[in-house]
Amino acid sequence: MTAPGLANARVLVVGGAGFVGSNLVRRLLAEGAARITVVDNFLSADAANVPDDARVHLIRGSIADDAVLAALPDDLDFAWHLACYHGNQSSIADPLADHANNTITSLKLFNRLKDLPALRKVVYAAAGCAVAEKTYEEAVATSEDAPASLFQDSPYSISKLVGEMYGNYFFARHQLPFVKARFQNVYGPGEILGAGDWRGTPHTVWRNVTPSFIFRALHGEALPLDNAGETSRDFIYVDDIVRGLIACALLGEPGEAYNLATGREVTIRMLADLINRETGNAAAHDLKPARDWDKSGRRYGDPTKSRDRLGFETQVPLAEGVARTVAWTRENLAVIKACLNRHSGRMDLRAYLKA
Ligand SMILES: NC(=O)c1ccc[n+]([C@@H]2O[C@H](COP(=O)([O-])OP(=O)(O)OC[C@H]3O[C@@H](n4cnc5c(N)ncnc54)[C@H](O)[C@@H]3O)[C@@H](O)[C@H]2O)c1
């Protein structure tokens with residue numbers, strides 16, 4: 001079914017070659033968008049994720065670059081800002097690179113968008129982790145109005161909050177139609193391990209827990225469970241996030257935040273068990289201590305507001321989402337290994353690259 005309001009729309013997706021961004025771009029094409037301008041500097045993306053379609057106009061460069069900003073069309077209907085410096089560990093390794101690609105980026109983009117006359121909505125990919133309570137005890141679902149601490153675990157997390165604050169400022173001062181989509185942990189097809197440039201740590205390759213576990217499990221490895229797997233997250237399938245991003249654009253109230261969450265708490269051990277079952281991996285888990293920088297033990301998001309105000313509910317259960325992601329990973333091992341190969345001078349990846 002075509003979402004009303006997107007057919008023939010002229011849209012911008014910043015970070016549109018990335019994992020979530022590329023899934024959004026494909027959905028926007030299917031919804032009949034007239035023109036999709038993608039801005040991406042490929043820091044954590046691979047060209048394989050940019051659809052070959054005449055309606056997609058790729059601007060390869062940083063959204064903090066003045067020439068890139070000047071080249072943006074003035075007649076945009078919708079914009080999604082999904083660029084970031086991926087991810088927490090890389091930002092800890094290089095806080096200035098995080099600033100250049102995760103903080104100044106939001107400021108310069110919103111400052112440019114504030115003058116566009118036809119713009120109906122700017123949706124910002126905000127991070128639920130930045131507002132979640134830091135606890136290893138029983139977690140309470142994080143709601144949109146949860147207080148954000150001034151003590152954050154990483155420059156990444158700070159940048160995600162600063163992006164919200166700049167957007168709020170441009171909304172209040174310049175009526176920028178700014179909506180915050182607060183993500184929980186997204187997983188699914190299109191997250192390519194190793195995509196993009198080396199960003200200072202092996203997390204360049206391993207990215208998030210789900211794709212890393214799937215890839216390791218397909219290679220028969222013991223899955224490494226930080227904090228012995230007792231840490232919990234709220235895992236949301238990428239198609240659901242994309243539906244939520246579109247709902248925020250079409251129905252979101254400017255100035256408001258909406259959680260894109262399942263509302264279900266899943267421990268890392270449960271995720272690992274599920275992935276091992278789906279891939280047929282018999283290796284026992286490798287239990288590890290908690291990561292020293294990560295104070296966020298247990299957390300999940302409260303989906304009530306987005307359900308009540310946007311009519312948004314997730315549709316893909318975790319087991320089904322994991323099965324689809326495993327199938328996608330099996331089918332895309334060649335592109336994943338090509339991306340891994342770019343980092344083989346920095347870390348030993350021979351075990352994965354030989355097959
Ligand atoms: N994936 C998750 O679980 C999750 C959770 C919370 C929030 N988010 C947010 O969602 C968004 C998308 O995340 P993702 O998982 O798709 O990550 P991703 O790394 O795949 O996508 C980020 C994209 O931004 C691009 N980029 C980086 N610097 C840029 C710059 N200066 N100019 C233009 N493009 C630039 C990267 O090349 C990449 O394509 C991010 O803003 C992220 O902070 C993601």
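This is a predicted model: local features need pLDDT of at least 70, side-chain atom pairs count only at pLDDT 80 or more; totals for chains, interfaces and linings use all residues.
Begin by selecting the ligand together with the 32 residues around it, and then pick out Gly 15, Gly 18, Ser 44, Ala 45 and Ala 125, which come nearest. If you colour this shell by residue class, you will find 18 nonpolar, 12 polar and 2 charged residues.

Next, show the secondary structure, and look for the elements that each supply at least two residues of the shell: α1 (19-30), β2 (35-40), α4 (95-113), β5 (121-127) and β7 (185-187). Among these, select α1, which gives the most to the shell around the ligand, with 3 residues.

Now turn to β5, the strand at residues 121-127, where 7 of its 7 residues are buried. In a regular strand the side chains alternate between the two faces of the sheet. On one side of β5 select Lys 121, Val 123, Ala 125 and Ala 127, and on the other Val 122, Tyr 124 and Ala 126; every one of these residues is buried, and both faces are therefore covered.

From β5, move to strand β4 (residues 78-81), which pairs with β5 in the parallel sense over 4 bridges, and select Ala 79, whose bridge partner in β5 is Val 122. Then select strand β6 (residues 178-183), which runs parallel to β5 and is joined to it by 6 bridges; here Val 179 of β6 stands opposite Val 123.

Conventions: Residues are numbered from 1 along each chain as its sequence is written. A residue is near a molecule or strand if its C-beta atom, placed from the backbone, lies within 6 Å of it. Ala, Val, Leu, Ile, Met, Phe, Trp, Tyr, Cys and Pro count as nonpolar, Asp, Glu, Lys and Arg as charged, and the others, Gly among them, as polar. A residue is buried if 20 or more other C-beta atoms lie within 10 Å of its own, exposed if 12 or fewer, and partly exposed in between; C-beta atoms are placed from the backbone. Two strands pair if DSSP finds at least two bridges between them.
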